[in-house]
Amino acid sequence: MMTVKGFQVGAVGTNCYLAGSSETKESLIIDPGDEASVIINYAEKNGLKPAAVLLTHGHFDHCMAAAELAGHYKIPVYAHEDEKEIMKNPAYNCCGMIGKELAFTADHYFHGQKDKISIAGFDIDVLLTPGHTPGGVSYYVGSEGILFSGDTLFCGSVGRTDFPKGSMSQLVRSIKEQLFPLPDDTKVLPGHDAFTTIGNEKKYNPFL
C-alpha cells in the first residue's frame with residue numbers, strides 16, 4: 001500500500017509529496033520545490049528510504065530542492081525530455097520571481113506521450129500533459145488510484161498558461177485526453193492547493 005505525506009514548501013506553497021510503500025519504506029519524492037531539510041528530517045524520522053525524485057515539470061517551485069535531495073540520498077531525478085528547455089533556462093523556469101538565476105537538470109528523461117516506470121515497488125504511468133509547460137507530466141499509480149497532477153489539474157481549476165511556452169488549448173486537451181479517461185474515483189494530488197478526484201473535476205471544474 002502507498003502512503004503519502006504532503007508538504008507545502010517554498011515561496012509559493014508548492015505541494016511536495018513523499019509517497020512510499022508502507023511495507024518496504026521505499027519512497028518517491030515528488031516535486032521538491034524547496035526546504036530539502038524538512039523532507040530529509042521527515043524521511044529519517046519515519047524510516048523512509050527515498051529511491052527517486054520525480055518532477056512533474058521544470059518551474060523553480062517544483063525543482064529547487066531536487067539536486068540536494070538527489071545528492072543526499074544518491075538517487076536519480078526524472079523529468080520529461082520536452083521539459084529540458086524550461087529547466088535549464090532561468091527565463092523559462094520562472095526563478096526570477098524570487099530574484100535568482102537557476103538552472104535544473106535530470107538524470108533520466110521520459111519520452112513520448114506515455115511512459116512506464118517501476119520504482120519503490122510501484123508501477124507508474126507517466127502521462128505527458130503539456131500546456132502549463134511543454135513537457136509537464138502527471139504520474140498515475142493505478143494500483144493505488146492516485147494521480148500526481150503537478151500544475152496541470154487543480155481542484156476546481158487548471159494550471160496557469162501565461163508563463164513562457166504555456167498554452168491553454170493544449171492544457172485542456174491534455175486533461176481531457178490523458179486524465180479524464182482515468183477512473184472517476186482516482187485521487188488527484190496537485191502541485192498546489194487542495195486534493196480532489198477525477199470525477200469531481202469532470203462535473204464541477206469551470207475550466208473544463
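Which residues do ring pairs link into a cluster? The cluster holds Tyr-17, Phe-148 and Phe-195. The model is predicted: local features need pLDDT of at least 70, side-chain atom pairs count only at pLDDT 80 or more, and totals for chains, interfaces and linings use all residues. Residues are numbered from 1 along each chain as its sequence is written, and side-chain values use heavy atoms, with hydrogens and water left out.

A pair of aromatic rings is described by the distance of the centres and the angle of the planes. Rings of Phe, Tyr and Trp (its six-membered ring) pair if their centres lie within 6.5 Å; planes under 30 degrees apart count as stacked, over 60 as edge-to-face and the rest as tilted. By this rule there are 5 aromatic pairs. Tyr-17 and Phe-148 form a tilted pair, because their ring centres are 5.4 Å apart and their planes stand at 55°. Tyr-17 belongs to strand 2 (residues 14-21) and Phe-148 to strand 10 (residues 146-150), so the pair ties together parts 131 residues apart in sequence. Helices (H or I, at least four residues) and strands (E, at least two) are DSSP runs, numbered from the N terminus. Tyr-17 is buried at 2% relative accessibility. Phe-148 is buried too, with a relative accessible area of 1%. Here buried means under 20% relative accessible area, exposed means over 50%, and partly exposed lies in between (1.4 Å probe, protein chains only).

Tyr-78 and Phe-110 make a stacked pair, because their ring centres are 5.6 Å apart and their planes are at 20°. This pair also links distant parts of the chain: Tyr-78 is in strand 5 (residues 77-80) and Phe-110 in strand 6 (residues 108-110), 32 residues apart. Tyr-78 counts as buried at 15% relative accessibility. For Phe-110, also buried, the relative accessible area is 3%.

The rule asks for NZ of Lys or CZ of Arg within 6 Å of the ring centre and within 35 degrees of the ring normal. Lys-5 lies over the face of Phe-7, 5.7 Å from the ring centre. Lys-84 lies over the face of Tyr-109, at 4.5 Å from the ring centre.

Two helices show a buried side. An α-helix has 3.6 residues a turn, so residues three or four places apart point the same way. In helix 1 (36-45), the buried residues include Ala-36, Ile-39, Ile-40 and Ala-43. These residues cover an arc of only 100° around the axis, which puts them on the same side of helix 1. The arc is that of the directions from the helix axis to the C-beta atoms. Exposed Asn-41 and Lys-45 are on the face of helix 1 turned away from its buried side. The buried residues of helix 1 pack against strand 2, strand 3, strand 4 and helix 3; contact means heavy atoms within 4.5 Å. Gly-47 follows helix 1 and has a positive phi, near 65°.

In helix 3 (residues 66-73), Ala-66, Leu-69, Ala-70 and Tyr-73 are buried. Its buried residues fall within an arc of 100° seen down the axis, so they line one face of helix 3. The face turned away from that buried side carries exposed Ala-67 and Glu-68. Among the elements covering the buried residues of helix 3 are strand 3 (26-30), helix 1, strand 4 (49-54), helix 2 (60-63) and strand 5. Lys-74 follows helix 3, with a positive phi near 55°.

Two strands pair if DSSP finds at least two bridges between them. The bridge partner of Val-4 is Ala-19 in strand 2. Strand 1 and strand 2 form a hairpin with 4 residues between them, and Gly-10 in the turn has a positive phi of about 80°.

Where is Ser-157 placed? Ser-157 lies in strand 12 (residues 157-158). Its C-alpha atom is separated by 6.3 Å from that of Phe-207, 50 residues apart along the chain. Ser-157 touches Glu-201, Asn-205 and Phe-207, leaving aside residues up to four places away in sequence.

The structure holds 0 disulfides, a disulfide being a pair of cysteine sulfur atoms within 2.5 Å. The sulfur of Cys-94 has its closest cysteine sulfur in Cys-95, 8.0 Å away, too far for a bond. Cys-94 is buried at 12% relative accessibility. Cys-95 is buried, at 0% relative accessible area.
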